[in-house]
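Subject: Structure handover

Hello,

Please find the structure below. My notes on its domains, their interface and the core follow.

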Amino acid sequence: MKNNINNTKGQRGKAAKWLMKSLFAAGLLTLASCETSLDTINENPNDQASIDPKNLLTYVEKYTFQVNGDNMYASRMMIGTDGENAYQYMKWNDASFEVYTKGLLNTGKMMQEAEKRGNKNYLAIGKFLRAYHFFNISLKVGSTPYSEAAKGESGITQPKYDTQEAVMSGILSELKEANDLINTNDKIEGDIVYNGDALKWKKLINSFRLKILITLSKKATVGSYNIATEFASIAGSQSLMTSIADNGELKFADAADSRYTMFNNSGYGSSLYMADYFINMFKDRHDPRLFTFAAQTTGAKEAGKAITDFTAYNGGNPTSPYSDNAALITAKNISKVNDRFYKDPTNEPASVLSYSELEFILAEATARGWISGSAKTHYDNAIKASFSFYQTYVKNQGQYFSGFDVNQYLATPLVVYNTADPLQTQLEKIMTQKYMTMFHQAQWTSYYDYLRTGYPNYPLKPGVPAPFRFRYPQSEYSYNSSNLKAALAAQYSGNDNINSKPWWLQ
């Protein structure tokens, strides 16, 4: 293990128990409900106990770098067969604001403790974590508490909602500050992502700045930033990821509280199957990554087909009634999710941003004319990095990739990149391959890419459009109603529904 999870199992277990007690006593962590209101979580702590920032860093990293399975239904990668899944059928409702409690409040406390100790690196990492969480919650709902969020100690119990543009501009500035703060002198302990490597954090911080900017591709400016100009400045002058060793990811360990997110998940072993839309992309391209994501159909196993036989895999239609897909089980003609995702306690690392994703971002920016260079080179690098990731972390990878040549793959008709193609054709090629790298990775990135580019072209049930956002938590209507209603009026004419289009998509 390159991080320190495995080397400090006993120490982490003791530290985690102590940390949870300390956080609870200090009133910093409210875990009673995922729908905790911002009024509640902004209450002044009863105890100003000092907590070592290294323990807070471990906790927040573990919370942040986890797998989110819901997006894989919305992104047409998986389907359910035991009932109607709201994400699969594009019918979801409320977001949760638990991130303000579990992520942002504890990040803020870590930064306070770091300031007491004069450690700039915890401040820099804290700014990254703040940017990451505010970025994601704003993409989910739109305007959100930002400038006044998690400031209960200052007496702000009902924070105002900042516009989405203000949030995005603010986090870009925070990441710029983080890049300036990170250094090789201040020690980083408790770091289960990069094991205290400040340079890797610097690369992640700057790469994430590019991710935010490319996500805002439909806009020309955000705050005082010109999006294309700022992108070019960062890409041309700042440290960025250069290999999968720089991935912003959490490696799991076979120890209590450190195992893979989906380990022992009962649904994965019983009712979760692959979507045909996702599976067919790999079958059409003879892409062996399929074998690491999916299991053979029962019929193919009984017929003795090889693991590497593409005809041994089949998916269900994500727009069909779940009963129709359940019938495929009876027919022994549908693939489950590969059992490594719920049987392997360590499995593959979970990333918030990988080198492969960064190269796709650079390929898109090049195709758009934001930066000079070769979009094809970045695209090819991204695909090579994805294969390198799976060939590194999937157990017994030889059975899946034996005889595979990535350069031959890159030259095949459905994969090869042509810089002479129209922009939309280039974007479709980039987004399709980017989508194919994100099974159980990068949270909701694939869905947001679809919303802003239209690629890949998800199958949708007639009359059921892809939602643009989530509703605000019901608890906010009770505890922060006036600020919430003002935000709704300014954004969506007062309508809090999933088909209201937020600023970043307009």
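A salt bridge here is a side-chain nitrogen of Lys or Arg within 4 Å of a carboxyl oxygen of Asp or Glu. By that rule, 3 salt bridges cross the interface of domain 1 and domain 2.

This is a predicted model, in which local features need pLDDT of at least 70 and side-chain atom pairs count only at pLDDT 80 or more, while totals for chains, interfaces and linings use all residues. Residues are numbered from 1 along each chain as its sequence is written, and side-chain values use heavy atoms, with hydrogens and water left out.

Domains and interface

The protein chain is divided into domain 1 (75-91 + 241-464) and domain 2 (94-240 + 468-505), with bounds from an automatic or database domain assignment. Their C-alpha centres lie 27 Å apart. Counting contact as heavy atoms within 4.5 Å, 27 residues of domain 1 touch 31 residues of domain 2.

The area buried between the two domains is about 2600 Å², and carbon and sulfur atoms give 68% of that. Buried area means the accessible area (1.4 Å probe) that two parts lose on being put together, summed over both. On the domain 1 side, W370, Y448 and R452 lose the most area to domain 2, together 29% of what that side buries.

There are 13 residue pairs in polar contact between the domains, both residues at pLDDT 80 or more. A polar contact is a pair of N or O atoms within 3.5 Å; within protein, one must be able to donate a hydrogen and the other to accept it, and residues adjacent in sequence count only if both atoms are side-chain atoms. Of the elements on the side of domain 1 that touches domain 2, α16 gives the most, with 7 residues. Helices (H or I, at least four residues) and strands (E, at least two) are DSSP runs, numbered from the N terminus.

K211 and E357 form a salt bridge, with the closest N and O atoms 3.0 Å apart.

Core

The largest nonpolar core has 143 residues, and F128, F231, F439 and Y447 have the most contacts inside it. Such a core is a set of buried Ala, Val, Leu, Ile, Met, Phe, Trp, Tyr and Cys residues joined through side-chain atoms within 4.5 Å; buried means under 20% relative accessible area, with a 1.4 Å probe and protein chains only. Helix α6 (residues 120-141) gives the most to this core, with 13 residues.

Regards

Conventions. Buried < 20%, exposed > 50% of the residue type's maximum accessible area, 1.4 Å probe, protein only.
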